[in-house]
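Open the model in your viewer and keep the selection panel at hand. The stops below go from the ligand to a loop.

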Amino acid sequence: MQRARIIATGSYLPKKIMTNDDLTKFMETTHEWIYSRTGINQRHVVAENENTSDLATKACKDALATAGLSASDIDFVICATTTPDQVFPSTASIVQGNLKMKGFAFDIQAVCSGFVFALNVAKNFIETGQAKRGLLVGAEAMTNLLDWDDRSTAVLFGDGAGAVVLEAAPGKGTMDDQGVLDCLIKADGSCHDVLYMTGGPGSTGDMGKISMNGQELFRHAVEKLGNVIIELFDKSGVKKEQIDWFVPHQANARIIKPAAKKLGLEDKTVLTVDQHANTSAASIPLALDVAVKDGRIKKGDLVLIDALGAGLHWGAALIRW
Ligand code: ACO
């Protein structure tokens, strides 16, 4: 069978860094409040004319350079984003144009779990033989959505992009294969009002503001992510002891650390939320890139990723590096 192997990662973070102390200069908050409740120290923030497609293009170029490939080698680009440059066209099509690529391009909108959803879709294209190589990029300019007067949400998010190159490779169909071994994606629309934007092109005609029930979201994240990982282990036959690295969506260290403890993976968890804050669909590929480049994730390692976001959407995947 064909497996979808991740052969390279890439990333891009905007130059401007805003620390928690920087926020205290224009907002009634403290580093202690933010850090103790979220684990966040700082976030990167896009420049005035820097768009999501700019971040995505740079992350894709980094991943292509690492893979030793050029854009002409790639069959598709999928962009997971909540902050497209425009309502249309897709941000992926702008990236495709920037890279002068052929093939197909489209966006996926599953908010913070967008990378897991996009990985599942890309895996299917490759396993069914519809494409041989693809770029998958999670890219967000989340700070453009923020109401800087709302301290309960403004302190949580940051900007950035992470990309992976996926390539078809033969496998035996076992969990020893290299590649994306298994994915689960879920949604529960009855919880759409736990986290949402108050506006949109089909309703108010403007973006509106972020509305979040933080404590309810917290409860859903702990429960649903715990359950989806158990279901993925049952489905694939993988045991938690076999996991080499846990790379969760970086929303909040208070969600991540208890989950890692429950899995016995405290020392095998990649944590970047302190540096990046919550970059929504970009957070997992950014964290993967950090852990691959610093040598933690190596060929043959079994990596578990999971994410939950507005929708609610959530999911998890097992990847053999
Ligand atoms: N600085 C100082 N005080 C603040 C701030 C701030 N930035 N924000 C809120 N407060 C105050 C509140 O006004 C409130 O004051 P009061 O008691 O006088 O009314 C107090 O702090 C407590 O507020 P809570 O909202 O109850 O704080 P909580 O302990 O629940 O923490 C948080 C809030 C961090 C958002 C938490 O609920 C959480 O982590 N939820 C998960 C949501 C999440 O991670 N969202 C990210 C996006 S979704 C995703 O990616 C999964």
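**Stop one: the ligand**

Select N278 and the ligand: a polar side-chain atom of N278 is 2.9 Å from a ligand oxygen atom. A polar contact here is a pair of N or O atoms within 3.5 Å; within protein, one must be able to donate a hydrogen and the other to accept it, and residues adjacent in sequence count only if both atoms are side-chain atoms. The model is predicted: local features need pLDDT of at least 70, side-chain atom pairs count only at pLDDT 80 or more, and totals for chains, interfaces and linings use all residues. Residues are numbered from 1 along each chain as its sequence is written, and side-chain values use heavy atoms, leaving out hydrogens and water.

Next, select H249, where a side-chain N or O atom lies 2.9 Å from an oxygen atom of the ligand. Then take T29: a polar atom of its side chain is 2.6 Å from a ligand nitrogen atom.

Now colour the helices (DSSP runs of H or I, at least four residues, numbered from the N terminus). Helix 2 (31-38), helix 6 (151-154) and helix 7 (214-236) each give two or more residues to the shell around the ligand. Helix 7 gives the most, four residues.

**Stop two: D177**

Move to the loop between strand 7 (159-170) and strand 8 (179-187), strands being DSSP runs of E with at least two residues, and select D177 there.
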